[in-house]
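This briefing sets out selected features of the structure shown below, grouped by topic. The reader may wish to keep the sequence and the model in view while following the points.

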Amino acid sequence: MIDLNKVLFKYENSNSQPFQLKIDELKIPTGSKIFIHGPSGSGKTTFLEILGGVLLPQSGQVKILNTDFMKTSARQRDAFRADHIGFIFQNFNLISYLSVQENILLPCFFSKSSKQPHPKIPIWIEKLGLQNFLQTSVSQLSHGQQQRVALLRALAASPEIILADEPTSALDSQLRDVFMNALLELINEEKKTLLFVSHDESLQKYFDQSIDIRKYSATSGET
Ligand code: ADP
Ligand code: MG
């Protein structure tokens, strides 16, 4: 369960038109599959980063799986993310000096309980065409290949919540379908929660709810 209450977020270093997200109340039950859309700059990444504990609002309550982020340190949120959240960052955030395999398995080592990788990981590696690159440094991969590594890394430790920030932007339609199937297989098998940002309206059919982020975002001048 994700539970947001009276959340107000602003970027501290903001320029002339400060951006803010304001969410009075939002409850997302476990097992929800939510498609998040809105134009570039409307706050989609900011929203996911608040849910993932990367960003902390100035006020309000952010409760994720009964953990109150407002009462945690950045280090505690990092540990929480490793244990419970698969985050596919828009810019991937891969560890450039590690190999493809090491990047994919990273969440399994970071999580407190040293989780086993999901049993389907080797199959998904093949389907996404990464089997010949396992020992390659991710810095030598193309953009699309790096995105596939980021996708598998988010699924590796079977997290309860998956936050995906435009995860298919660099994939052709065939790889996109392979990834969506892998993602939904994981989500559906154990009632996991998925929040998925995309510009690709054709993906909306996979989801049971959608949020237009403009509902929550504004530059301060407008409010
Ligand atoms: P989206 O993902 O929908 O494209 P973002 O959440 O990345 O939008 O950005 C929302 C707004 O916040 C934009 O106006 C952007 O310029 C601003 N913004 C994003 N990151 C920062 C930052 N680190 N510091 C200041 N402003 C930022
Ligand atoms: Mg974004």
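In this predicted model, helix α3 spans residues 100-110, and its buried residues are V100, N103, I104, L106, P107 and C108. These buried residues pack against three other helices, namely α2 (74-84), α4 (121-127) and α5 (143-156).

**Helix α3 and Q101**

- An α-helix has 3.6 residues a turn, so residues three or four places apart point the same way.
- Within α3, V100, N103, I104, L106, P107 and C108 are buried, whereas Q101, which also belongs to this helix, is partly exposed.
- The classification of Q101 as partly exposed follows from its relative accessibility of 32%, because buried means under 20% and exposed over 50%.
- Beyond its neighbours within four places in sequence, Q101 is in contact with L134 and Q135.
- Between Q101 and N66 the separation is 35 residues in sequence and 32 Å in space, taken from C-alpha to C-alpha.

**The five-stranded sheet**

- Five strands form an open sheet with parallel pairing, in the order β6-β7-β8-β3-β9.
- The edge strands are β6 and β9 (209-212), each of which pairs on one side only.
- From one strand to the next, the twist averages 15 degrees.
- Strands of a sheet pair through backbone hydrogen bonds, either parallel or antiparallel.

- Strand β7 covers residues 161-165 and is mostly covered, with five of its five residues buried.
- Strand β6 (residues 85-88) pairs with β7 in the parallel sense over four bridges, and the bridge partner of G86 in β7 is I162.
- Strand β8 (residues 193-197) also pairs with β7 in the parallel sense, over five bridges.

- A right-handed β-α-β unit is made by β7, helix α6 (residues 173-189) and β8.
- Helix α2 lies across β6 and β7 and runs at about 95 degrees to β6.
- The axes of α5 and α6 come within 11 Å and cross at roughly 5 degrees; these two helices are therefore roughly parallel to each other, as angles under 35 degrees count as roughly parallel.
- Where α5 and α6 meet, α5 contributes R148, L151 and L155, and α6 contributes L175, F179, A182, L183 and L186.
- By residue type, the contact of α5 with α6 comprises seven nonpolar residues, no polar residues and one charged residue.

**Strand β10 and S217**

- S217 is located in strand β10, which runs over residues 217-219.
- With a relative accessibility of 14%, S217 counts as buried, because this value falls within the class defined as under 20%.
- Apart from residues up to four places away in sequence, S217 touches F19, Q20, L21 and S42.

Notes:
Residues are numbered from 1 along each chain as its sequence is written. Chains are lettered from A and ligands numbered from 1 in the order in which they are written. This is a predicted model: local features need pLDDT of at least 70, side-chain atom pairs count only at pLDDT 80 or more; totals for chains, interfaces and linings use all residues. Side-chain values use heavy atoms; hydrogens and water are left out. Buried means under 20% relative accessible area, exposed over 50%, partly exposed in between (1.4 Å probe, protein chains only). Contact means heavy atoms within 4.5 Å. Two strands pair if DSSP finds at least two bridges between them. A crossover is right-handed if, with the strands pointing away from the viewer, the path from the first strand over the helix to the second runs clockwise. Axes are lines fitted to C-alpha atoms, for helices over the stretch in contact, and angles run from 0 to 180 degrees between N-to-C directions. Angles under 35 degrees count as roughly parallel, over 145 as roughly antiparallel, 65 to 115 as roughly perpendicular and the rest as oblique. Ala, Val, Leu, Ile, Met, Phe, Trp, Tyr, Cys and Pro count as nonpolar, Asp, Glu, Lys and Arg as charged, and the others, Gly among them, as polar.
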